[in-house]
Amino acid sequence: MPEQPAKQRAANFEEVALGYNEDMAKLEASRCLQCKKPKCVAGCPVGIDIPAFIKQIEEGNYDAAIAKLKETTSFPAVCGRVCPQEEQCELLCILGKKQEPVAIGRLERFAADWSMTHDSSSKPQIAPSKGKHVGVVGSGPAGVTCAGELAKMGYDVTIYEALHKPGGVLVYGIPEFRLPKAIVQRECDYVESLGVEIKLDYVIGRTMTVDQMMDNGHDAVFLANGAGLPAFMNIPGENLNGVYSANEFLTRANLMKAYRFPEYDTPIKVGKKVAVIGGGNVAMDSARTALRLGAEVHLIYRRSREEMPARNEEIHHAEEEGIIFNLLTNPTQIIGDNEGWVEEIEVMDMELGEPDASGRRRPVTVDGSERRIPIDVVIVSVGTKANPLLTKSTSGLDLNKWGNIVADENTLQTSKEGVFAGGDIVTGAATVILAMGAGKTGARSIDRYLQGQPLLTPEEEEAIKAADEKAAEKAAAK
Amino acid sequence: MYKILDKVDYSDDVYMQVIEAPAVAAACQPGQFIVLRIHEEGERIPLTIADFDREAGTITIVVQAVGKSTRHLQKLGKGDSLANFIGPLGMPSEIENVGTVICAGGGVGVAPVYPIARALKEAGNKVISIVAARNESLLLWEDKMREISDELIVTTDDGSCGRHCLVTEPLKELCEAGGIDLIYAIGPGIMMKFCCKTTEEYNVKTIVSLNSIMVDGTGMCGACRVTVGGETKFVCVDGPEFDGHQVDFDVLMSRQRQYLSQEKESLDLYVECGGDKRCMT
């Protein structure tokens, strides 16, 4: 897929990957073997009929391709860009055994972009009104997917969003150069076109509680309020000036457009030299944003490149653009000047020991390897913790020891009557597509709940039981 | 859009606005705050709720203009609208009948003290209020505070009104005399810091309301973090009220100054182009 050259894109916020043209898309689509039992579909958390939409692209029926996609996903332009396809659909592509797998993500993106530029009116069928109202908390991928699905089934749906723009992590977290905000806006507009109302500036847990939602005419509620509080490392100096959480840094840059200060009123501090701590996609996004704001950027990660949780493509892009990787390096403290500003970061070398609970090799400090790097700004990107705002204000909602909402894995039902939950608030920070998968599951359960049906069909119960037994056998064999 | 229904200038740079926001007014409690944004290019500004009227569906804010955004907000009046108005945010004050309470407000800090003092009075407490300011022209809501207080003390730094002293002087005297069960102190960081230093000696629980830099205000960004009792807390979801004797005010005040140079740059540009709200585009 064509991309902006690394040197050029490092100085702008335009999208890095430029997308296929029609010829490229048709050519790539023609590589699909149209498997009878397509493995790629099984790898997709929302179960898109992948061979079917690819077939339509191959034949030049782009309208039909997007219609096929929209049967299962509300966010094709987003998923085509930010899904980890290499670990999902493309990983299972039969062609991948001998050569490159079919570029499913890029084809999805092509179809979605084509339909936007051609104003294609491929609207799905909307069932007659069921006369019931569902409230969805949060307009990120889980919430919007759930709302879209429910609207198609004939429910009245209102999404409550705390921020002033819809999209959740897609607008505050993922940078413009990876996912243009105009695309997120269009996907949200699409869900509104299905009849969903999006109420902005509305903080569930404060402006209205979940209990009040149930009292005020909501027949069911889906909680998809996201991951929440940024985690820190608990090392000295983390509250110095110039230390950002990745969430804050990215929110200032993406949502508040601080990179255009003073035209936009929100400032951001970057300085000459930035340290980004962490190895996930969010760390890559922070590093590449800081780079575009003019800094020399050092990524500090305590394991090796192999264990990095970020997508390969993102790591590769970051390397190409000139991010300096300090691997097997762990920060031990941040040192400030007399005015309370970051001046240096102290790090230690690490070695990899035995695998830990995460399955990755545990990093061990190398004694006597302390050294200091002069630095102006530190961006901490080591994950998030559950946000207590909504959960603390909701009665009868079971939480796990990390403060995440406990929801049934298969139905997303919570301990509270009529309340379902999914996405990062249940699983902890994960991917866009997993959140969308949760949105779909939530919608299916809410539909069954409101129709007075069991949340799982007997066949589904059987399948779950079989899968559980298989997993148990596997574990026992180990 | 959130309409401004009323506006009063108390001085050149302190003003009050009444904003139509029925959902916020219906839910808010003393001690909470809101976040507003003036227009599409605007920043998210956190402001403590100074008063609310559930029937009218309005929230009152009192603001001191310091930077570009608060200067711009001051130029807006009756009939103008804000792009966004989000709230109520933060934890409400814990209002109980504890006996005798001192409510001390410094500068525009008097405004957020007012609904708390009123609620404490309604809960049956004896309320002694201290209204403090640098000089007479900056004194705020003396009458409103008098109405709901059993006793009212006014202090100015320059002696232009009330007692010629800092807020800590009557605070110390009252603590010395004894019988104080709880103290609220709200104002600039430095005022809260010295109030807490004063009351610490007498071991009277002192609650402060912290005004840190924020972006989202809902627990997502962590900009508002402050050190309390040696731990990192988020003002927006854990606060804004904290036990003042546990707060590291030096960290708070240092973090509040993080964007001084950018704020100056922005304000200078704004003044240069005559305060036209879109002058930089």
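Start by selecting helix α13 of chain A, residues 246-255: ten of its ten residues are buried, so the helix is largely enclosed by the rest of the structure. Here buried means under 20% relative accessible area, exposed over 50% and partly exposed in between, with a 1.4 Å probe and protein chains only. Helices (H or I, at least four residues) and strands (E, at least two) are DSSP runs numbered from the N terminus.

Before moving on, note that this is a predicted model, where local features need pLDDT of at least 70, side-chain atom pairs count only at pLDDT 80 or more, and totals for chains, interfaces and linings use all residues. Residues are numbered from 1 along each chain as its sequence is written, and side-chain values use heavy atoms, leaving out hydrogens and water.

Next, show what surrounds α13(A). Its buried residues, among them A:F249 and A:R252, pack against α10, α11, β5, α14 and β13 of chain A together with β15 (225-228) of chain B.

Now turn to salt bridges (a side-chain nitrogen of Lys or Arg within 4 Å of a carboxyl oxygen of Asp or Glu). Over all chains, a search of the whole structure finds 45.

Select B:K144 and B:D51, whose side chains meet in one of 3.2 Å, N to O. This pair links distant parts of the chain, 93 residues apart: B:K144 lies in helix α4 and B:D51 in strand β5 of chain B. B:K144 is partly exposed at 25% relative accessibility, whereas B:D51 is buried at 10%.

Finish with B:E169 and B:R163, joined by a salt bridge of 3.0 Å, N to O.

Note on methods: Chains lettered and ligands numbered in written order. Contact = heavy atoms within 4.5 Å.
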